[in-house]
Each structure stands twice: as C-alpha cells, then as structure tokens.
Amino acid sequence: MARYHIETYGCTSNRGESRAIEQKLRDAGHRPVDSPEAADVAIMNSCTVVEKTERNMIRRAEELQAETADLIITGCMALAQGEEFESEGIDARILHWDDVPTAVGNGECPTTTVGTEPILDGVIGILPIARGCMSDCSYCITKHATGKIDSPPVEENVEKARALVHAGAKEIRITGQDTGVYGWDEGERKLHTLLDRICTEIDGEFRVRVGMANPKGLHGIREELAEVFADHDELYNFIHAPVQSGSNDVLGDMRRQHQVSEFIETVETFDEYLDEWTLSTDFIVGFPTETDEDHEQSMELFREIRPEKVNVTRFSKRPNTDAAEMDGLGGTLKKKRSKAMSELKHEIVGEAYESMVGTRREVLVVEEGTGDSVKCRDDAYRQIIVQNASEHGLEIGEFTTVEVTGHNTVYALAVPVGPVPAGGKPEDRRSRGA
Ligand code: SF4
C-alpha cells in the first residue's frame, strides 16, 4: 500500500474530484501523509483559470517533482494542457481524475474488492467476481490482504449481474484482483463462461467491462475469451492485461508467471478475432534488477503492441515484500527511464486518439463529468467527453451516436449527432493501434 500526498487547486468541483480520489485510495488501503517528502507518490490536482495560475501550477509541479519519488498530475490543467508540463521537462504521470486511484499502486492488482458484494453507483454496477489471485509477485503487498483466488460459482455471479441490471445498471464492471483466473481454484478457468452467460441469459440493454486480468491466466483461455468477445456486443472490446516488463529476466525476478511471448500471443489472438479493441496494459519501470537492455526490451514491446491505454509506474519499495530487500536503482535512473516511457506513451496514445477524430461511434453515456459535460464510453471502452450535455438533452444511461472532434492525452471530445441507427453501428471503424 502506498503513502500518498495530495494537493488540490481551484474550484469546488476540483475539490470534489480530490475527495472522490481520496475515498478510493483509502478504500484500497493507501495512507495519506502530510508532506511530499514522506510520500511514495504525490498527487497534484491542478487548475487552469488564468495565465498566472498556470505559471503557479508549473512552478509547484517542479517543486513536487524534486520533493517526491513519484508525481501524478491530474485536474483541469493536466487534461487541457498536459503538454505544458511535458515541455517544461516535468517528469510526471498526466492522468484523468478517474485513473488516479489505480495508478497509485506499485503495479499491484486493485484491492477495491475487499468484499464480494456488488455496488450500484448511478448506472454503473460493480461486480466483484472473486477475491485473490494465483500469483506471488515479489513486489506485491496486496497479496497479504487478499490471499489465493476464491471463486464463487458462475451461477451466483450471473444472478448478481442480473440483479444489477434489474436495479438500473447499464454498465457492469467485472472486477477482481485477477479476473483471468476466476474459477482456477475450482479446477477450471471460467471467465469466458461467465461472460457468455451474462450476455446470453440477462435481458436488457447494457455493457460489460472486464477488469484487470494477468497475462498468464488470459493466455490459457485466449481463444475461448476472444470468441466470446466477438460473439457479444454487450462486451466492451477492452482488455486490461498488465505485462509490467518486456524482459523475461525481469518478469522472472518479479515472479510474474508469464513470459513476454505469452502476452504477445494473447494480444495477437484478440487482434485476429476483433476489428477494433482497446489494449490496456501496465509497465513497472526501474525494478531493482532492470538493466538498460531490459528497459530497452520494454520500450520495444511497447512499440510493437501499441497499447491505447497504459499505466507507467516507477518502481518503489513496499514494506514486507521480497523486492524491498533487493538493491534498488538510483532515483535519477528510474526517472530517466520513466520519462522515456511516458514520452513514448504520449506519442502512441496520441496517435490512437488522433485517428479517431472525424469518426462516428455509438456510445453509452455513463456518468456526469465536470461542469455541464458527460462521460461516455464507445464499444472499445474509450472515454469520450461531450460538453454542453443539457443543451444536447443527453441523459445518463442512454445510448447515442457521437462524432469525435478532438482529444487530449487521456480522452476524446465529441458532439452528439443523433440516436443509434436501428440495427447498425456507425460505420467508421479502425483496427487497434492503426
Ligand atoms: S497477481 Fe501479483 S500483484 Fe496482483 S495481487 Fe497477486 S501477487 Fe499481487
């Protein structure tokens, strides 16, 4: 669990975003500290109102960068002018508010599923399908809290999903420490079976997002899973598979169980089955045994697989883990490597968003954004923001068609162009990473 320091600038709305971030961090077991020096990660929730504010934000980011091991910048200035921080040479992760809580971990799996009861939040239903994992990663402290995978029967999870849809859920988020090994403790991995049954047996118009699944578990069911994704429009074409490194030597030291080749085979299988999908992955940069060559292998893998959503985490030690006993790399080297990977991320993710501009896509309006905006998700679970939602009469939970007009580094911007065409999808599609 991480020690975090959070600073908030600007309006009431931004303070509300910080409160929401803090709530999730505390739920996940992270701990606040008073100063950036005492923190594993500092979070700056930025504001951009007038030019003077922007200069202050840049100056404060420079100070935080020097004072803390790892810096995350979120908020309005990060989202509207993230490149300003980059052009000033600030080494930080620029993230949407929603992505901050998961980014605070040290590459560990999420711990937000402490209980296994579903939660309905607006039209989002959160369904933890199991607790625990089948791994023993050397840097992980989550494992101490969650233990080995414990999978309730498929039938039970289908009924919980049905109850969420009946209660008004339009988006069901399947969560767990490692959804890809659901059922392993029962002798058979069953994620594909569960997804197929949810999509086949539950009436209603809804979407399903599958949460984090480690590459090893996914690899064993890649064909079955990709086929289920291809069969059901209800499933967002989205996979979050944290590879963590492009070097098998480092993966071995991390005790990650998978090989790089297995991760690539899984990606290739989804490429074969799906026209358009989002690959989300995570890299840990600066693991104690990572050499220059290992780092370059991670960069090469990144260029090869072209993920559209990436979390780059600079390694930091967590107490009572085996990795904490290893001789660490210097902070300067870790910063240099994470900066190189963050630049590559912005280039590749930026190109992916740029290729969306001008396309039309069906989206689900999922929740309110800041001001009069709404957050939507397309079929590949990309976040798309529509401004002036009330003027357009957009309602949370409705499906509509939008045209993408622009983007920043973490989401696309779009305008509504009408209802979803009967029996069809908007025709502008593209392959992943194109
Ligand atoms: S898969 Fe690894 S990082 Fe995730 S909870 Fe298990 S041991 Fe921790």
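Reader: Which strands does helix α3 lie across?

Author: Helix α3, residues 76-87, lies across β3, β4 and β5. Its direction is at about 135° to β4. Such axes are lines fitted to C-alpha atoms, for helices over the stretch in contact (heavy atoms within 4.5 Å), with angles from 0 to 180 degrees between N-to-C directions. Helices (H or I, at least four residues) and strands (E, at least two) are DSSP runs, numbered from the N terminus.

Reader: Before we go on, what kind of model is this?

Author: This is a predicted model, where local features need pLDDT of at least 70 and side-chain atom pairs count only at pLDDT 80 or more, while totals for chains, interfaces and linings use all residues. Residues are numbered from 1 along each chain as its sequence is written, and side-chain values use heavy atoms, with hydrogens and water left out.

Reader: Thanks! In what order do the strands of the 5-strand sheet come?

Author: The order is β2-β1-β3-β4-β5, in an open sheet with parallel pairing. Two strands pair if DSSP finds at least two bridges between them.

Reader: Which strands stand at the edges?

Author: Those are β2 (31-32) and β5 (93-94). Each has a single partner strand, so one side of each is left without a neighbour in the sheet.

Reader: And how many bridges pair β3 with β4?

Author: There are 5 bridges between β3 (residues 41-46) and β4 (residues 71-75). M44 stands opposite I73 in β4.

Reader: New topic: how is the chain divided into domains?

Author: Domain 1 covers 3-101, domain 2 covers 119-354 and domain 3 covers 360-418. These bounds come from an automatic or database domain assignment.

Reader: What does UniProt list for residues 119-352?

Author: The unreviewed UniProt entry annotates residues 119-352 as "domain: Radical SAM core". UniProt positions are given in the numbering used here, feature names are shortened, and annotations may be inferred rather than shown by experiment. In the model, that span is 44% helix and 15% strand.

Reader: How much area is buried between domain 1 and domain 2?

Author: About 1,000 Å², of which carbon and sulfur atoms give 35%. Buried area is the accessible area (1.4 Å probe) that two parts lose on being put together, summed over both. On the domain 1 side, D40, D91 and R93 lose the most area to domain 2, together 47% of what that side buries.

Reader: How many salt bridges cross that interface of domain 1 and domain 2?

Author: The rule finds 2 across it. A salt bridge here is a side-chain nitrogen of Lys or Arg within 4 Å of a carboxyl oxygen of Asp or Glu. D91 also forms a salt bridge with R314, at 2.6 Å from N to O.

Reader: What about the whole structure, how many salt bridges are there?

Author: A search finds 30. One of them joins the side chains of E7 and R60, at 2.6 Å from N to O. E7 lies in strand β1 (residues 3-8) and R60 in helix α2 (residues 51-67), so the pair ties together parts that are 53 residues apart in sequence.

Reader: Last one: which strands does β17 pair with?

Author: Strand β17 (residues 412-418) runs parallel to β15 (residues 383-386), joined by 3 bridges. There, V386 has A414 as its bridge partner. Strand β16 (residues 399-407) pairs with β17 in the antiparallel sense over 6 bridges, and a hairpin joins β16 to β17 through 4 residues.
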